[in-house]
Amino acid sequence: MQPRIPRQSAQEQDCRRPDTPADGARLSDELAAVVSGARRRALRDGDRQIDTAHLLHSLLEHDPAVYAVFGEGPQIARLLGYLVQRSIGYGLRWQGAVEDSGAVPVVLHGEGFSPLAASAMEHACGRAARRGDTQARGVDLLAEIVVDPQARAVEVLGRAGIDAAGVRARIDGHRDEYVGDGETSR
């Protein structure tokens with residue numbers, strides 16, 4: 001039986017930065033670990049593709065700068081609770097369905113990613129390149145996964161009482177602290 005999500009390359013398993021086709025930017029070590037974690041989570045959950053909720057969960061797990069965007073308090077605990085519940089019930093309706101709102105152009109070379117997740121990865125690399133960085137960071141990816149209101153990550157944030165637009169504004173407003181560039185990239 002063929003795995004539904006392509007296996008990790010040896011480079012990704014070592015958490016080295018895999019090359020990305022977008023803008024010549026590459027992934028930071030933290031973001032490479034995020035992608036690896038999201039891929040493992042998708043496989044374990046029996047999902048067809050890595051989606052934005054997998055990426056959000058892995059970002060919170062692997063990147064302290066992303067965690068800092070949300071701060072302390074009951075909302076982050078509720079968010080983590082919803083993300084954990086995904087594999088035991090919440091989110092099961094997503095299995096077998098592709099995450100694609102049609103609001104963003106489909107990225108064809110995002111192998112193993114939902115169209116929205118692939119687009120977010122590509123835009124995160126573009127965001128890093130525009131700020132002059134050769135490596136996309138976790139906060140770059142977070143800023144891009146909260147753009148589309150149809151993204152699964154945005155749905156999970158909403159259920160946890162967190163406004164996705166507010167998350168993006170917080171990132172853009174604290175660009176030096178979070179390594180963001182303050183630009184709207186989409």
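Let me begin with the conventions. The model is predicted, so local features need pLDDT of at least 70, side-chain atom pairs count only at pLDDT 80 or more, and totals for chains, interfaces and linings use all residues. Residues are numbered from 1 along each chain as its sequence is written, and side-chain values use heavy atoms, with hydrogens and water left out.

Confidence is given by pLDDT, the predictor's score for each residue, from 0 to 100. The chain has a mean pLDDT of 76, with 66% of its residues at 70 or more. Over residues 1-24 the pLDDT is below 50, yet beyond near neighbours in sequence this stretch has 49 contacts in the model; a contact means heavy atoms within 4.5 Å. Residues 180-186 also stay under 50.

Turning to the fold, the chain contains ten helices and two strands. These are DSSP runs, numbered from the N terminus: helices are H or I with at least four residues, strands E with at least two.

Of the 186 residues, 50% are buried, that is, under 20% relative accessible area with a 1.4 Å probe, counting protein chains only.

Which residues of helix α8 (residues 152-159) are buried? They are R152, A153, V154, V156 and L157. These buried residues pack against α3 (52-62), α4 (64-70), α5 (74-85), α7 and α9 (164-173). Just after α8, G161 takes a positive phi of about 80 degrees.
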